[in-house]
Amino acid sequence: MTTAPVPSSRDLPHPTRGEIRLEGVLHALSDPVRLRIVLELAAEDVALSCSHFDLPVTKSTTTHHFRVLRESGVIRQIYEGTAKMNALRRDDLDGLFPGMLDSLLTAAARQAGRHGES
């Protein structure tokens, strides 16, 4: 038997599915660092802690990038103990914008391959 996580006073605000806007999602994904985060979340297909990501920016900038992704509706963040876990909102994005996420992720992976990025 599994139990749902107990709501915390540290719950973070997220847009509802109906509040997610295409231009907000595209803006969030237009930054290379945020796109890298989303690519990794999509590849792993599980929630990952912020500290899991090895990003070439300061901790405060990393926090900003995760906030932009959360506020645009691209990711969901929840606390598990002291860790802030991040999960891609694939169901919401696919429901609102069919095929968009997969197309963007495929294009980003091809671009990274052409430029030798990881």
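His65 is found in helix 3. Keep in mind that this is a predicted model.

Q: What makes His65 count as buried?
A: The cut-off is under 20% relative accessible area. His65 has 6%, so it is buried.

Q: Which residues is His65 in contact with, leaving aside neighbours within four places in sequence?
A: Asp31, Val33, Arg34, Ile37 and Val57. Seen from Ile37, the list reads Phe53, Leu55, His65, Phe66 and Leu69, again not counting residues up to four places away.

Q: Which other residues of helix 3 are buried, and what covers them?
A: Besides His65, there are Thr62, Phe66, Val68, Leu69, Arg70 and Ser72. Their cover includes helix 1, helix 2, strand 2 (75–80) and strand 3 (83–88).

Q: How do you know that the span of helix 3 agrees with its number of residues?
A: At 1.5 Å a residue, its 14 residues should span 20 Å, and the end C-alpha atoms are 20 Å apart, so the two agree. Just after helix 3, Gly73 takes a positive phi of about 90°.

Q: Why is Ala28 called buried?
A: Ala28 lies in helix 1. Buried means under 20%, and Ala28 sits at 0% relative accessibility, so it counts as buried.

Q: What does Ala28 touch, not counting residues up to four places away in sequence?
A: Arg34, Val68, Leu69, Ser72 and Val74. As for Glu71, Ala28 is 43 residues from it in sequence and 9.0 Å away in space, C-alpha to C-alpha.

Q: Why is helix 2 called roughly perpendicular to helix 5?
A: Helix 2 (residues 32–44) and helix 5 (residues 100–114) pack at about 110°, with axes 11 Å apart. The class runs from 65 to 115 degrees, so helix 2 is roughly perpendicular to helix 5. Leu35, Val38, Leu39 and Ala42 of helix 2 make the contact with Leu101, Leu105, Ala108 and Ala109 of helix 5.

Q: What makes up the largest nonpolar core?
A: It has 24 residues, and those with the most contacts inside it are Val25, Ile37, Val38, Leu69 and Val74. Helix 1 (22–29), helix 2, helix 3 (59–72) and helix 5 each give two or more residues to this core. The largest share, five residues, comes from helix 2.

How values were computed:
Residues numbered from 1 in each chain as written. Predicted model: local features only at pLDDT ≥ 70, side-chain atom pairs only at ≥ 80, totals over all residues. Heavy atoms only, no water. Axes fitted to C-alpha atoms, helices over the stretch in contact; angles between N-to-C directions. Helix = DSSP H or I, 4+ residues; strand = E, 2+ residues; numbered from the N terminus. Parallel < 35°, antiparallel > 145°, perpendicular 65-115°, else oblique. Contact = heavy atoms within 4.5 Å. Core = buried A, V, L, I, M, F, W, Y, C linked by side-chain atoms within 4.5 Å. Buried < 20%, exposed > 50% of the residue type's maximum accessible area, 1.4 Å probe, protein only. Expected span 1.5 Å × (residues − 1).
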